[in-house]
Amino acid sequence: MDCYAVLGQPVAHSRSPRIHGLFAAQSGAALSYKAIEVAPEQLAHKLLELHAAGYLGFNLTLPHKAAAVVLCEELGERAERAGAVNTLIRTAAGWRGDNTDGIGLVRDLLHNLGVTIAGKRVLVLGAGGAARGILEPLLAQQPAELVISGRNPWKPEELAAAFKTLGLVRPCTHYALKGDRYDLILNATSAGHGGEVPRLPEELFAPGALAYDLNYGPAAEPFLRWARGQGAARCADGMGMLVEQAAESFLLWRGQRPDTAPVLAALRSS
Ligand code: ATR
């Protein structure tokens with residue numbers, strides 16, 4: 001049987017086995033997809049061991065995405081730019097690393113939520129790994145403006161410089177956003193995991209704006225609650241992104257893109 005897995009720590013809570021199980025059922029493929037707990041210091045060894053055991057591919061989740069970059073024999077352009085790997089594809093010699101997080105987000109926005117990014121004012125909150133992973137596909141949509149904002153200017157400036165050959169990213173601090181209006185505000189900070197919301201100025205949402213949290217479940221709630229209170233017309237968590245990035249991984253592994261709508265509906269109803 002074709003074997004895949006998600007590697008992380010902790011990983012027991014991961015929705016990926018369920019998602020890929022539903023994709024497999026759709027395609028009629030008999031495959032196994034497990035969640036395997038791997039500590040950071042074990043990752044290199046585990047990748048060798050699971051290659052020898054015949055595994056065909058992995059998803060990586062916290063805390064392995066950045067560390068895996070140097071463990072891949074080949075690295076796709078998306079993973080290189082993102083500085084992170086969320087998908088490993090078996091090669092004869094080892095693993096090819098790719099990153100489907102950014103394309104997953106953009107597909108969720110365009111196809112599931114019906115949002116246009118082209119010509120819109122887009123704000124990304126946070127300048128860590130999650131933000132880095134989405135800048136390239138966002139720029140490819142040609143927003144009118146792409147602003148990346150942090151508590152201090154250093155990380156946003158660094159990210160804007162790293163992506164300057166792909167398009168204009170304006171670095172900013174949360175404080176200096178005062179007076180701006182955005183059509184789409186994406187929360188790429190990890191503040192929600194501690195039940196917090198970045199400290200932001202009032203009235204950032206333009207009429208009709210969408211607030212989107214890259215996290216899902218309870219970690220997305222603080223930001224989305226704040227956004228509702230600020231008059232955001234629409235709010236979405238990152239469940240759609242999760243399903244879409246999984247579908248892109250499935251496509252890389254098996255050459256077949258699953259139908260994500262019924263899978264997303266099944267996850268939302270449970
Ligand atoms: P990830 O790889 O998931 O993006 P990360 O690299 O730790 O995680 O980045 C987390 C981001 O969330 C950072 O941009 C951080 O902001 P700073 O750059 O200002 O440090 C942001 N963040 C974390 N906790 C936060 C909080 N309580 N309020 C605001 N921003 C927070």
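**A helix crossing and its surroundings**

Modeller: Helix 4 passes helix 5 in a right-handed crossing. Keep in mind that this is a predicted model. Two numbers describe a packed pair of helices: the angle between the axes and the distance between them. Here the angle is about 55 degrees, and the axes lie 7 Å apart. Helix 4 covers residues 101-112, and helix 5 covers residues 129-140.

Now look at who touches whom. Helix 4 brings Gly 102, Ile 103, Leu 105 and Val 106 to the contact. Helix 5 answers with Gly 133, Ile 134, Pro 137 and Leu 138. Sort these residues by type. Six are nonpolar, two are polar and none is charged.

Thr 100 sits in the loop between strand 6 (95-98) and helix 4. Is Thr 100 buried or exposed? Its relative accessibility is 0%, and buried means under 20%, so Thr 100 counts as buried. Which residues does Thr 100 touch, leaving aside neighbours within four places in sequence? Its contacts are Arg 78, Asn 86, Thr 87, Gln 245, Glu 248, Ser 249 and Leu 252.

Not counting residues up to four places away in sequence, Ala 266 touches Arg 18 and Leu 22. Ala 266 and Arg 18 are 248 residues apart along the chain, yet their C-alpha atoms are separated by 9.8 Å.

Finally, the whole chain. There are nine helices and 12 strands. The radius of gyration is 18 Å, close to the 18 Å that the globule rule gives for 270 residues, so the chain is as compact as a globular protein of that length. Along the principal axes, the C-alpha atoms fill a box of roughly 55 × 40 × 35 Å. Of the 270 residues, 51% count as buried, and Thr 100 is one of the buried residues. Take the contacts between residues at least 6 apart in sequence: 67% of them join residues at least 24 apart.

Notes: Residues are numbered from 1 along each chain as its sequence is written. This is a predicted model: local features need pLDDT of at least 70, side-chain atom pairs count only at pLDDT 80 or more; totals for chains, interfaces and linings use all residues. Side-chain values use heavy atoms; hydrogens and water are left out. Axes are lines fitted to C-alpha atoms, for helices over the stretch in contact, and angles run from 0 to 180 degrees between N-to-C directions. Helices (H or I, at least four residues) and strands (E, at least two) are DSSP runs, numbered from the N terminus. A crossing is left-handed if the near helix is turned anticlockwise from the far one by less than a right angle, and right-handed if clockwise. Contact means heavy atoms within 4.5 Å. Ala, Val, Leu, Ile, Met, Phe, Trp, Tyr, Cys and Pro count as nonpolar, Asp, Glu, Lys and Arg as charged, and the others, Gly among them, as polar. The radius of gyration is taken over C-alpha atoms; the globule rule is 2.2 Å times the number of residues to the power 0.38. Buried means under 20% relative accessible area, exposed over 50%, partly exposed in between (1.4 Å probe, protein chains only).
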